[in-house]
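Please open the model in your viewer and keep the selection tool at hand. This tour goes stop by stop: what to select, then what is there.

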Amino acid sequence: MQEKNRLTSPEISNIWTHYIRETLSLCVNKYMLYTIKDPEIHSLFQLAIQRSLEHIETLKKLFQKEKFPVPNGFTEKEDVNLEAPPLFTDVLCLKSLYMMSTHGHNEMSLAFTNSIRQDIVDFYYQCNLDAMEIYKKAKDLLISKQLYHQPPTYITPNKVEMIKQYTYVTDVFGKKRPMNIIESGHTYFNLNKAMIAKAMILSFSQVSKNPNVRALLEKSVQTTNNHITSLSSLLTKENIHLPKSVETEVTNSTVSPFSERLMLLQTGFIYGVAVTYYNAALISSMRADISVINEKAALTSLWMFNRIGKEMIDNQWLEQPPQADDRKRLDY
């Protein structure tokens with residue numbers, strides 16, 4: 001009976017990765033809470049922190065129940081300086097929470113769908129509700145404070161039309177057809193995310209004291225700039241408005257609130273998720289030039305993700321996930 005109740009590899013992977021990600025988010029959100037002045041944003045961050053603490057406590061109990069070592073993750077003692085001066089404005093804090101809750105919900109949904117054991121299924125069911133709650137409240141706040149920039153709107157069509165020619169997809173060098181709603185939606189969404197991500201990575205590069213880490217973060221800013229330029233060009237050519245950039249929401253502080261390890265892994269998470277979103281845009285695009293732009297963005301994001309991983313390993317900052325038994329080395 002006990003064998004039947006053992007965790008599957010996806011379940012172990014989910015709770016292990018979740019613990020790392022959740023402890024990182026907790027450190028970032030605790031620091032932001034200390035700097036936020038706006039009472040509504042402050043209240044939302046208190047809620048986000050409470051949900052993280054609840055998730056971490058449940059994850060610890062799961063590890064203990066399964067006799068798995070609890071990952072080190074990130075801690076307030078080693079990875080965050082709560083007394084550092086503000087590095088982000090309240091606006092960037094809110095937009096960061098909005099972006100990260102979007103990522104979190106997607107991760108929780110995947111964990112929910114590939115879990116089998118009832119306690120894990122129930123946990124991720126609740127995690128999804130929590131992530132949706134934080135996301136909705138963050139978006140509602142952005143809207144109420146006139147900080148949410150509405151994606152493009154289109155005139156409602158008056159009839160159904162079929163694609164009549166293959167040039168709808170392949171005409172790269174001739175006069176290109178207008179972007180359809182799927183293409184413009186993905187482009188605007190990814191551009192908005194890239195702008196928020198750039199501001200976060202820019203702030204990390206500003207306070208990093210490790211030369212190798214700083215150089216890698218500066219390369220990350222350059223890479224994200226390239227993505228922003230490509231995506232902006234697509235929308236501009238269609239006379240579609242762009243989301244507002246947020247680099248000016250980074251203060252001029254040079255005192256780091258976070259460990260080099262935290263900043264690098266957070267940047268890695270951002271690029272890892274970006275690969276998923278650019279690939280989603282790639283397979284949804286029916287205009288060849290848009291597909292190429294998304295493919296390139298996905299590949300360069302993957303390259304940055306791998307480069308960050310190498311730097312993490314070189315510094316021994318990356319925890320090793322649980323391993324399968326190497327049966328070729330077992331003693332019989």
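**Stop 1: the largest pocket**

Select H9 to begin, since this is a predicted model and H9 gives the largest share of the lining of the largest pocket, 9 residues. The largest pocket holds about 810 Å³ of space. Its lining counts 34 residues, and those closest to its centre are Thr17, Arg21, Glu107, Phe269 and Phe305.

Now color the helices around the largest pocket. H1, helix H4 (90-113), helix H9 (260-284) and helix H10 (288-314) each supply at least two residues of its lining. By class, the lining of the largest pocket has 18 nonpolar, 12 polar and 4 charged residues.

**Stop 2: the largest cavity**

How many cavities of 30 Å³ or more does a search of the whole structure find? There are 3. Go to the largest cavity, with a volume of about 360 Å³. Select Glu22, Ser25, Ser52, Met100 and Ser101, which lie nearest its centre among 22 lining residues. H1, H2, H4 and H5 each give two or more residues to the lining of the largest cavity. That lining divides into 8 nonpolar, 10 polar and 4 charged residues.

**Stop 3: the second largest cavity**

Return to H9. H9 also gives the most to the lining of the second largest cavity, with 5 residues. The volume here is about 110 Å³. Select the lining of the second largest cavity: Asn190, Lys193, Ala194, Ala197, Thr224, His227, Ile270, Tyr271, Ala274, Tyr277 and Tyr278. Helix H7 (181-207), helix H8 (211-237) and H9 each contribute two or more residues to it. Sorted by class, the lining of the second largest cavity has 7 nonpolar, 3 polar and 1 charged.

**Stop 4: along H8**

What caps the N-terminal end of H8? Select Asn210: a side-chain oxygen of Asn210 lies 3.0 Å from the backbone nitrogen of Asn212. Then jump to Asn239, which follows H8. Asn239 is in the loop between H8 and H9. Its phi is near 60°, a positive value in a residue other than glycine. Most residues other than glycine have a negative phi. Asn239 counts as exposed, at 74% relative accessibility.

**Stop 5: Lys67**

Select Lys67 next. Its phi is also positive, near 60°, and Lys67 is not a glycine. Lys67 sits in the loop between H2 and helix H3 (76-79). Is Lys67 buried or exposed? Lys67 is exposed, with a relative accessible area of 76%.

**Stop 6: salt bridges at Lys145**

The structure holds 20 salt bridges. Side chains of opposite charge can pair when their charged atoms come close. Select Lys145 and Asp38: their side chains meet in a salt bridge, at 2.9 Å from N to O.

Lys145 counts as partly exposed, at 26% relative accessibility. Glu40 counts as partly exposed as well, at 45%.

**Stop 7**

Select Arg177 and Glu183. They form a salt bridge whose closest N and O atoms are 2.7 Å apart. Are these two buried or exposed? Arg177 is buried, with a relative accessible area of 14%. Glu183 is buried too, at 1%.

Methods
Residues numbered from 1 in each chain as written. Predicted model: local features only at pLDDT ≥ 70, side-chain atom pairs only at ≥ 80, totals over all residues. Heavy atoms only, no water. Salt bridge = Lys/Arg side-chain N within 4 Å of Asp/Glu carboxyl O. Buried < 20%, exposed > 50% of the residue type's maximum accessible area, 1.4 Å probe, protein only. 1 Å grid on protein atoms, 1.4 Å probe; cavity = no way out; pocket = protein on both sides within 12 Å on 5 of 7 lines; lining within 4 Å. Points joined across faces, edges and corners; volume = space filled by probe spheres on them. Helix = DSSP H or I, 4+ residues; strand = E, 2+ residues; numbered from the N terminus. Nonpolar A, V, L, I, M, F, W, Y, C, P; charged D, E, K, R; others polar. Polar contact = N/O pair within 3.5 Å; in protein donor to acceptor, adjacent residues only side chain to side chain.
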